[in-house]
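Me: Could you take me through how the pieces of this one pack together? I'll ask as we go.

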Amino acid sequence: MDMTNSNRVALAAVVLAAVSLLALPASNIAPFYISFLYLIFFWISMATSWTILSGFAGYWSFGHAAFFGSGVYTSATLAAKLGVPFLLTIPFAAGVAALLGTGIGWLVFRMQRLRGELFALMTISITFVVAAVISNTPIDGGSGVYLISVPVPEIFGSQSGTIYLLGLFFAAVTLGITYGIYRSRMGMGLFAIHDDEDVAETKGVPTFRYKLGAIALSSGIAGAVGGVYSIYVSYVTVGETFEVTVIMYPVVMSIFGGSRHWLGPALGATIVTIALYGFPSGPQAALGRGGIALGLILVVLLLPNGVMPSLIGCWRRLAPKQLVPVQVLPQPLVPEPRVAAGAVAMVADTPVLECRDVGKSFGGVQALRGVTLDVRQGEILGLVGPNGSGKSTLINVITGHFKLSQGSVLFDGAPIDGLPAHSVARLGIARSYQIPRPFDRLTVLDNVAMAASFGDGRNENEARRMAAHWLGYTGLAKKAFDYPVTLNLHERKFLELARALAARPRLLMLDEVLSGLNNTEVDAALELIRDIRTRGTTIIFVEHLMRAVVALSDRVAVLNGGTLIALGSPEETMRDPEVVSVYLGGAHAS
Amino acid sequence: MGGSAMPHLSLLEQALLTGVLTGGLYGLLALGLSLSWGLLRLVNLGHFAMALLGAYLTWWLGTSYNVAPWWAGLLVVFVFFFYGVGLHWVFMRFRVTEMASMLITFAFAVIVESTIQTIWTADFRRYETAWGSQSWVVGSLYVPKLNTIAFVVAGALAAATWAWLRYTYAGRALRACAEDPPIATAFGINHRGLSFLLSGLCAAFAGVAGVFIALIATLAPSEIWSWIGVVFAVVIIGGLGNPLGALAGGVLIGVCEAMTMAIVNPSWAPLVSFSVLIALLLFRPRWI
């Protein structure tokens, strides 16, 4: 791949900066600057690692002091009390902190509700619990640990030079990891989790695994730099290690810099560390702490996106034109058709999806009572019934969002109930939401690209080209770089559709795509749905609009009170006396 | 202390009683928090800081100006009510989300803590009153009067709040809004007005808790942090927005802590609520 001008300039600048930073301790620069730069590197690592989970995925952690502190005391204990060579203690510091973080994550991330709040609370609690354990046990015992006599290899002839290089190394590694995540599928998945975790899971994002991975990295890095920090201060105490400012600094720095950009926290850390130079300690420390807290409140209220987005905006406006990448819709990648072009839809007798005696109860409410239903390869099955008859519950059960209370669901003959929703999505089952639920902070293009990436296993480049194709198909190409809030209802419904199609599902479930559309829009949508089926996709079509159901469906299934009361051709079903009385009759009577 | 024989039975009974009474105070602290989390969807970490501020104000008014605790308490509760209303105005004005509310109120707690430390220093403070250490003697047990009064007040407030939420229009409207704000608004419920009222009440409850903390406990600015884990465990055990649950949760945690202190070692008490939280997350009972 050939490089653009902007890439060359950036690369040259980075290499130059890296070489001069590496060589700095060898020059006869005053030790004060070496130590001050180390502090900046330290806070860059802390703030950036906080962002991997908390900024990207939106799980705000108050536990960075606990992860950092467990690293501090792991290194201090191993090096000062057990005589382990100092550099060897760092991986252990990272490991202990990562275990602690992953443990909390594993406990909380499985919850269905209140995940974010419980996570925040657990991370606050763990900070005080870890502090209590360390000061109550011989790890510290209340008197602190001295690392003065711990030998450190001297690179460039001094111990402080080594500490500086360790700080630089971890800041670079942290930024590298964060950049890698930011640009990868995982980054896109974490952003989607931030916006709407349930939808992300249904689109194929392995949310649990991603969150665990993010917290392991986040806490592991905090532990590693904590290990280095222990030798920097050379005397560690519980009071200072777990101080409440250590909880706040990474948060302030990340949000101030911009916690949705890989470089934002580093920017924030640098600015805040320099601004706080000569920060009051001693009697004024309490006031200073209050000042940081006030800063945190102001940043959260007034600058929730940080300074990074504005900086990027300025750069776009002021920089020479050739340095700014132009946003061009990627060349659409047309998916290879699954059936010969122009072929008439073929409905086979083989079932794609089988629901066997499917039941679902919420507490005492029976939403589904033993529904048995086959969906045949290539057909459009209309699913109708009064409000609360269980249509949406059935969809949520098939996608794996709800666990079954009884019965089983088979896809291609293999059971899929009990699989996590993202695995179901990857098998080729997609859905649209009745009320569109786009990822608000991703562009329209990225909304569709992430579905192509996670649902259809495309790499980033292909996913975006695929997304461009489906945006063209649904008539949204002009909106590709807009954010979903700017779309009207009709466009949001089509974005839902594009997102579902981008996963190239074999079974597509459309939940009231037509509601709220006018007559012309309904006709356009019906054409689109017919076309999707002709390409070989089986469709379950939930709808209240009977004209559309009759026009489109090969068969109609009628649910009432969680029970399947009729199944057959549209004409047949609509004449069924039970359907007439319960569904149409009920609707007329009320 | 490990390996020593089991403490005498009456010691355990005394610990049980202490735990129940302390639990009342936990319940009182948890009440306002549980209501604002459950019904306003705002998690107020500043609640503890306000309770401690209320305690310091009661102590300061009493020791410096000879204001009796009940008058000081009345003043604190009155002022705190308006603070609560103001806080909610900020949350509404900036459309603060549930997660952002935690960050903001956490920072607010730090501000209150540093203010307390700046004004009254980090020294321990004890509010000595003539009747502060009086007890009734029941059999072999000492029943401290103040702790008992605190428990009774906590119980009365929890019961009154429960009845208010269940039987009055305002209470039912608040619960409806917590379930589905747009629908409740469509039915003509004035959510804004009610949420200001509730936020004011929650802050006032923090004031009530503060008065009893001043009378019962030793004050130090860092106490704020030692309550967070405990009271949140209480709120989650009791169920969000459930006043009686908060009291029951408080008693449960209070007893567990007192037993741990009596049998194992007082310095391990902070781990009790954390272990309970972990157990709750592991077994995921239906109500959380």
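**Helix packing and domain contact**

Reply: Helix 6 of chain B and helix 8 of chain B are roughly perpendicular to each other, a label for angles of 65 to 115 degrees (under 35 is roughly parallel, over 145 roughly antiparallel, the rest oblique). This is a predicted model, in which local features need pLDDT of at least 70 and side-chain atom pairs pLDDT 80 or more, while totals for chains, interfaces and linings use all residues. Residues are numbered from 1 along each chain as its sequence is written, with chains lettered from A and ligands numbered from 1 in the order written.

Me: At what angle do the axes of helix 6 and helix 8 of chain B cross?
Reply: The axes of helix 6 (residues 169–179) and helix 8 (residues 191–216) of chain B cross at roughly 105° and come within 10 Å; axes are lines fitted to C-alpha atoms over the stretch in contact, with angles from 0 to 180 degrees between N-to-C directions. Helices are DSSP runs of H or I with at least four residues, and strands are runs of E with at least two, numbered from the N terminus.

Me: Which residues meet there?
Reply: Ala170(B), Ala173(B), Leu174(B) and Cys177(B) in helix 6 meet His191(B), Leu194(B) and Leu198(B) in helix 8, where contact requires C-beta atoms, placed from the backbone, within 7 Å.

Me: Switching to chain A, how far apart are the centres of domain 1 and domain 2?
Reply: The C-alpha centres of domain 1 and domain 2 of chain A lie 43 Å apart; the assignment, automatic or from a database, gives 29–243 for domain 1 and 351–589 for domain 2. Their contact takes 16 residues from domain 1 and 19 residues from domain 2.

Conventions:
Two residues are in contact if their C-beta atoms, placed from the backbone, lie within 7 Å.
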